[in-house]
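Work through the exercises below with the sequence and the model at hand. Each task is followed by a stepwise solution.

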Amino acid sequence: MRPTPPPPRQSPALSGSCARGDAAPAAQEIAPALADPAAWRQTHLGRLLGHAMRRFDARVLELMARDVEVPLALANLAARAQITAAHIHITRHLALEGARLTQLAAQAGMTKQAMGDLVEQCEAWGLVTREADPRDRRARLVRFTPTGRAWLAAFHRAIAQAEAEFRADVGEEVATVVKLGLEAYAGGWAP
């Protein structure tokens, strides 16, 4: 008969509830394992994702500001940080056939009032227009203008460039794993 191997040793951070498969370990279980008990606030996944998103969006806007296909007035607004990542919500979420303000706000995870303010600014810049919905004359559709479609094309080019730079920075394999992981994680959540 073979001897039974001893159970694997666990680090203090993994002892207790986590080792049993329960919920996350209590803070007092984690704290002794860390050199700096507050370090987790700076290095947790949510914070890193937030920083990565802000860096990515800033790079996209920088590329759009330099794009010769972007109308000069919009490029200048982007270069002076007048067009921000918040305005990109419209570019990301507005369907080519247009959408009602409530739909657009829901897709962007914003309030109707906040989205209305962004649409108003984008309308003043000539990116979008509001038209009567042919299915319901009481409702209005937000649609891209020809200038808005040029902006959307520049957004597409900037996204492709920023993603290529990300792959160059972290390597193709890591970039693929990150993208697949984020798709799986985000796919399980509906705003």
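**Exercise 1: a helix pair**

The axes of helix H8 (residues 146–170) and helix H9 (residues 172–187) come within 6 Å and cross at roughly 120 degrees. This is a predicted model, in which local features need pLDDT of at least 70 and side-chain atom pairs count only at pLDDT 80 or more, while totals for chains, interfaces and linings use all residues. Residues are numbered from 1 along each chain as its sequence is written, and side-chain values use heavy atoms, with hydrogens and water left out.

Task: classify the orientation of H8 and H9, then describe their contact.

Solution.
1. Axes are lines fitted to C-alpha atoms, for helices over the stretch in contact, with angles from 0 to 180 degrees between N-to-C directions.
2. Angles under 35 degrees count as roughly parallel, over 145 as roughly antiparallel, 65 to 115 as roughly perpendicular and the rest as oblique; H8 and H9 are therefore oblique to each other.
3. On the H8 side, Glu-163, Phe-166, Arg-167 and Val-170 meet Glu-172, Val-174, Ala-175, Val-178 and Lys-179 of H9 (contact: heavy atoms within 4.5 Å).

**Exercise 2: one residue**

Task: is Ala-85 buried or exposed, or partly exposed?

Solution.
1. Ala-85 lies in helix H5 (residues 85–93); helices (H or I, at least four residues) are DSSP runs, numbered from the N terminus.
2. Buried means under 20% relative accessible area, exposed over 50%, partly exposed in between (1.4 Å probe, protein chains only).
3. With a relative accessible area of 28%, Ala-85 is partly exposed.
4. Not counting residues up to four places away in sequence, Ala-85 touches Asp-57 and Leu-61.

Technical notes
Helix = DSSP H or I, 4+ residues; strand = E, 2+ residues; numbered from the N terminus.
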